[in-house]
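I am opening a notebook on the charged side chains here. I want to note who pairs with whom, and where.

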Amino acid sequence: MITEAAAHAVSRTTRAERLRIVATLTRITGDWNLAEDCFQDATERALDRWSTDGIPDNPGAWLTTTARNRALDVLRRRQTEHDKLEKVHTLAELEHTPDNPDDTGDGNPDAETYGDDQLRLLFMCCHPALPLAGRVALTLKTVTGLSTREVARAFLVSEATMSQRLLRVRSKITNAGISFRSPPPHRVAERTAGVLSVVYLLFNEGYAATGGEPFRDELSLEAIRLADLLTRLLPLDDEVHSLRALLCFQNARRAARVDADGDLVTMEEQDRGLWDTEQIASGLDSLIIARSIRDTPGYYRLQAEIAALHSTAVDAASTDWVAIVARYDDLLELHPSPVIALNRAIALGFRDGPDDALVELTRLEATGDLDTYPLMAAVRADLLRRADRVDEAIVAYRLAVQSAGSDAERRLMQRRIEEISSR
Amino acid sequence: MKYVMFVVGDPDHTEEDAAAAPDLEEWFTSVRPTGKYLQGVRLQEVEDATTIRVRGGELLITDGPFTESKEWIAGFAILECADLDEAIEIAARNPMAYEGRLELRPIHSMGGPDD
């Protein structure tokens with residue numbers, strides 16, 4: 001019989017230790033699949049054993065030892081079957097791996113090595129040669145150990161689709177020779193940026209979801225945990241701290257984004273009392289660290305600065321729109337993107353009024369870059385509503401209903417039509 | 001791991017990109033001593049290509065390459081590297097990465113030049 005306490009302890013320990021244990025075993029055995037299988041095996045044993053004998057004092061060390069012993073068994077068997085000498089070094093190293101990462105005796109890898117192993121595994125999962133959707137799914141699976149079925153549910157795709165996606169990305173890693181190692185020094189910054197973009201995508205995947213999908217919320221929380229971990233693994237990279245800050249600020253608004261009926265509430269209309277002040281404070285801490293590491297703000301810093309200005313404003317009207325537009329200007333200079341330009345236009349609407357923003361919007365539309373952007377009609381409709389151009393706004397909202405990406409967005413657009421029609 | 005590095009001509013680059021391209025001789029000088037460059041082939045112009053098909057038992061011979069595109073295969077090299085990252089570093093220093101593009105394709109374990 002598996003007890004609830006044991007199941008809970010296994011899932012908590014897995015969450016905290018999985019990446020470290022799998023990464024260490026991958027380095028030592030040189031076989032990622034073996035490391036994954038051995039960890040899986042160890043958690044299954046833990047469920048049984050902890051249910052009957054109780055939970056050990058150090059569950060992480062227990063899982064490490066069990067997974068390592070399993071790897072030893074498998075390698076020994078392979079060794080007798082195949083090559084005689086090749087794996088001897090591996091076996092010796094496995095036998096001398098400490099159970100506890102803090103236990104750093106002579107010749108044992110120290111905490112830094114463990115951190116490097118975890119980074120190597122993340123760099124591998126987030127390798128730019130892999131398809132993006134595959135990187136995000138594989139990273140989630142590797143960090144959490146969720147089943148393919150659970151990962152599929154989280155990304156709102158069928159289990160078959162996800163299974164295929166994971167299979168493809170894993171076989172590319174093997175066939176194309178993507179190896180378990182850190183990038184060369186001159187590539188670390190760009191490869192780290194690649195890891196950060198996967199974490200941000202993971203967060204957004206969960207954040208874009210509407211209410212009633214607790215599984216999707218988990219994705220965002222997982223992304224924040226991953227950002228936390230990265231701040232420990234790469235403490236001197238300011239963009240890592242900035243990304244963590246950005247995720248904290250956005251996640252702090254989670255409870256206010258959807259009303260009791262499951263309808264979307266725009267930031268302007270959100271009950272700011274529902275914002276998570278602790279998370280905002282934690283985000284500000286990370287932002288301060290990022291500023292102290294480097295003067296010149298990067299891509300995530302500028303976004304975090306914008307989010308911080310929102311998070312610390314009492315209401316939409318008293319928000320420092322002058323500073324926000326200025327950060328958007330910096331962001332556009334650093335990273336020209338039509339969507340950032342659109343967000344800047346929205347901020348401009350709050351700073352200078354809807355008429356100026358509509359002029360800017362028309363200019364952006366003329367470039368054609370945003371032709372396929374689903375929120376374009378909604379942005380125009382909102383600006384027209386603010387400018388009291390009711391008839392034009394209704395037409396624009398009807399277009400926005402058609403291009404809405406989710407039911408919740410559609411309902412929001414319909415609600416707007418009703419609101420302004422009854423004025 | 002062995003990779004074929006296809007060298008592809010691609011007009012989609014700026015004059016600044018082309019100006020920044022390193023010298024091909026320098027590339028050879030830096031790559032040859034590493035033993036990672038096994039061999040390379042430079043092809044005649046695409047206009048000299050002939051495409052061959054047999055369909056319904058009939059031999060079809062046509063002038064030109066098998067794809068209609070702005071890009072063309074200008075040559076290829078065979079690299080032997082520890083992993084993809086190593087091959088990427090070699091490819092990134094080739095002038096054609098600036099003036100065209102390079103495609104790294106791992107050679108299937110069943111059948112390579114020396115297998």
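I start with the cut-off: a salt bridge is a side-chain nitrogen of Lys or Arg within 4 Å of a carboxyl oxygen of Asp or Glu. The model is predicted, so I kept its limits in view: local features need pLDDT of at least 70, side-chain atom pairs count only at pLDDT 80 or more, and totals for chains, interfaces and linings use all residues. Residues are numbered from 1 along each chain as its sequence is written, chains are lettered from A and ligands numbered from 1 in the order in which they are written, and side-chain values use heavy atoms, with hydrogens and water left out.

**Entry: pairs**

I looked up A:Asp352. Its side chain meets that of A:Arg351 in a salt bridge, 2.8 Å from N to O. I checked cover next. Buried means under 20% relative accessible area, exposed over 50%, and partly exposed in between (1.4 Å probe, protein chains only). A:Asp352 is partly exposed at 37%. A:Arg351 is partly exposed too, at 36%.

I went on to A:Asp117. This residue forms a salt bridge with A:Arg27, again 2.8 Å from N to O. The two sit in distant parts of the chain, 90 residues apart: A:Asp117 in helix H5 (111–125) of chain A, A:Arg27 in helix H1 (4–29). I counted helices (H or I, at least four residues) and strands (E, at least two) as DSSP runs, numbered from the N terminus. Is A:Asp117 buried or exposed? A:Asp117 is buried, with a relative accessible area of 0%. A:Arg27 is partly exposed at 23%.

I then found A:Arg291 with A:Glu305, their closest N and O atoms 2.8 Å apart. A:Arg291 is partly exposed at 39%. A:Glu305 is buried at 14%.

**Entry: totals and a network**

How many salt bridges are there over all chains? I searched the whole structure and got 39. I also noted a network of salt bridges whose members include A:Asp263, A:Asp382, A:Arg411 and A:Glu419.

**Entry: chain B**

I ended on B:Asp12. Its place is the loop between strand S1 (2–9) and helix H1 (15–20) of chain B. B:Asp12 is exposed, with a relative accessible area of 62%.
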